[in-house]
Amino acid sequence: MRPIGFSTGALAHADFLQGVNILMEKKVSVIELSALRQRELAPLVDALETLDLSSFDYVSVHAPSQLDEGTEREIVTLLASVTDRGWPIIVHPDVITDFSMWSNFGELLFLENMDKRKMVGRTASELAIYFEKFPEASLCLDLGHARQIDPTMSEAVRILERFGNRLGQLHVSEVNAKSTHDPLTAGALMAFRRISQLIPEEIPIILETPVGKDQVGVEIELTRMALHSRQEDSLAVTNLVPRRALA
C-alpha cells in the first residue's frame, strides 16, 4: 500500500503544530512539515527538540520557497538540523544561488520540479543542470506542477525517465492557473493515473491539497485509487470526487 500523507501547510497554513495534530488525530503516518515562508523555518526547527513525531513513519521538511537577500547561509544552517535527523528537505531549485552551501546535504536534498511561474527547474532538461551540480541529490516530483507545464504528462514521463532513480517523494495536488494548490479534481487524478506505473509503491506521497480535516481521508483515498494499477479504480475515482464535493 502506498504511503500517503499531507503537508502541514495544506491543512493549517503556517501553523505546523495544528497540521501535526490533525494528522495524528487521523492516524496518518506520512507528513511533510511546511516552512514555505522564511519566517516559519526557525520556529519549526526550534520545536523539533520537543515535538513528538514518533507516530510518523516518514517525515520531511519543505524549505522556504523564497529567501531574503543575504540569508542563504542562515537557512542552510537551520536546515542542517533537519538533515541531521535523517529527514529530507524539499527545496525549490531557484532558491539556490551558492551551490557549495547545499552540497553537504547529499541524498537528503530533494529538488522539486517547478511550476510555470519559475524560470528554472520546470522540465527534465532544466532539472538536469541542478542534478549535475548535486550528483547525490534526490527528486521530489510534483505531479501538479508537471501537469501544469504539460497536461499530457509527457514531461513528467521525461523527468522520470531521466531521474526516476533519484525519486524520493511525490507532491500531489491540483495546481490552478494562478499556480496555487486546489483540492484534487477528477481531471487531475486521471492525468496522474497515466504515469502511476512509473512510481514505485514505496515512494512517500505528500498531498498539498487545501482541505478541511474531515476531508483528509477522502483525499488520501482518491490519491491511492488514482495511483493504483487496477482498471476498476478509474470509475471509483470519478464517482468519489463529486461525493467529496457534497460532503
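**Exercise 1.** Is Ser179 buried or exposed, and what is its relative accessible area?

*Solution.* The model is predicted, and the values below are computed from it. Begin with the location: Ser179 lies in the loop between strand 8 (174-175) and strand 9 (181-182). Next, take its relative accessible area, which is 5%. Buried means under 20%, so Ser179 is buried. Finally, consider the backbone: Ser179 is not a glycine, yet has a positive phi of about 65°.

**Exercise 2.** Locate His13 and describe its phi.

*Solution.* His13 belongs to the loop between helix 1 (8-12) and helix 2 (16-25). Its phi is positive, at about 55°, although His13 is not a glycine.

**Exercise 3.** Determine how helix 6 and helix 8 are arranged, and which residues form their contact.

*Solution.* Two packed helices are described by the angle between their axes and the distance between the axes. For helix 6 (residues 124-133) and helix 8 (residues 154-163), the angle is about 30° and the axes are 9 Å apart. Angles under 35 degrees count as roughly parallel, so helix 6 is roughly parallel to helix 8. The crossing of helix 6 past helix 8 is right-handed.

The contact may then be listed from both sides. Helix 6 contributes Ala124, Ser125, Leu127, Ala128 and Phe131, which meet Glu155, Arg158, Ile159, Arg162 and Phe163 of helix 8. Sorted by class, this contact holds 6 nonpolar, 1 polar and 3 charged residues.

**Exercise 4.** Describe the largest nonpolar core and the surroundings of Trp102.

*Solution.* In soluble globular proteins, nonpolar side chains tend to be buried together. Here the largest nonpolar core has 72 residues. Those with the most contacts inside this core are Phe6, Leu33, Trp102, Leu109, Leu141, Leu170 and Phe192.

Take Trp102 from that list. Leaving aside residues up to four places away in sequence, Trp102 touches Leu67, Glu72, Val76, Leu79, Val91, Val95, Ile96, Leu109 and Phe134. A second, separate core has 6 residues, including Val30, Ile90, Cys140 and Ile206.

**Exercise 5.** Where is Thr83 found, and which residues does Thr83 touch?

*Solution.* Thr83 is part of helix 4 (residues 72-83). Its relative accessible area is 12%, and Thr83 is therefore buried. Not counting residues up to four places away in sequence, Thr83 touches Ile89, Phe105 and Leu108.

**Exercise 6.** How many residues of helix 10 are buried, and which are they?

*Solution.* Helix 10 (residues 216-226) is mostly covered, with 8 of its 11 residues buried. The buried residues are Val216, Glu219, Ile220, Leu222, Thr223, Arg224, Met225 and Ala226.

Methods: Residues numbered from 1 in each chain as written. Predicted model: local features only at pLDDT ≥ 70, side-chain atom pairs only at ≥ 80, totals over all residues. Heavy atoms only, no water. Core = buried A, V, L, I, M, F, W, Y, C linked by side-chain atoms within 4.5 Å. Buried < 20%, exposed > 50% of the residue type's maximum accessible area, 1.4 Å probe, protein only. Contact = heavy atoms within 4.5 Å. Axes fitted to C-alpha atoms, helices over the stretch in contact; angles between N-to-C directions. Helix = DSSP H or I, 4+ residues; strand = E, 2+ residues; numbered from the N terminus. Parallel < 35°, antiparallel > 145°, perpendicular 65-115°, else oblique. Left-handed = near helix turned anticlockwise from the far one by under 90°. Nonpolar A, V, L, I, M, F, W, Y, C, P; charged D, E, K, R; others polar.
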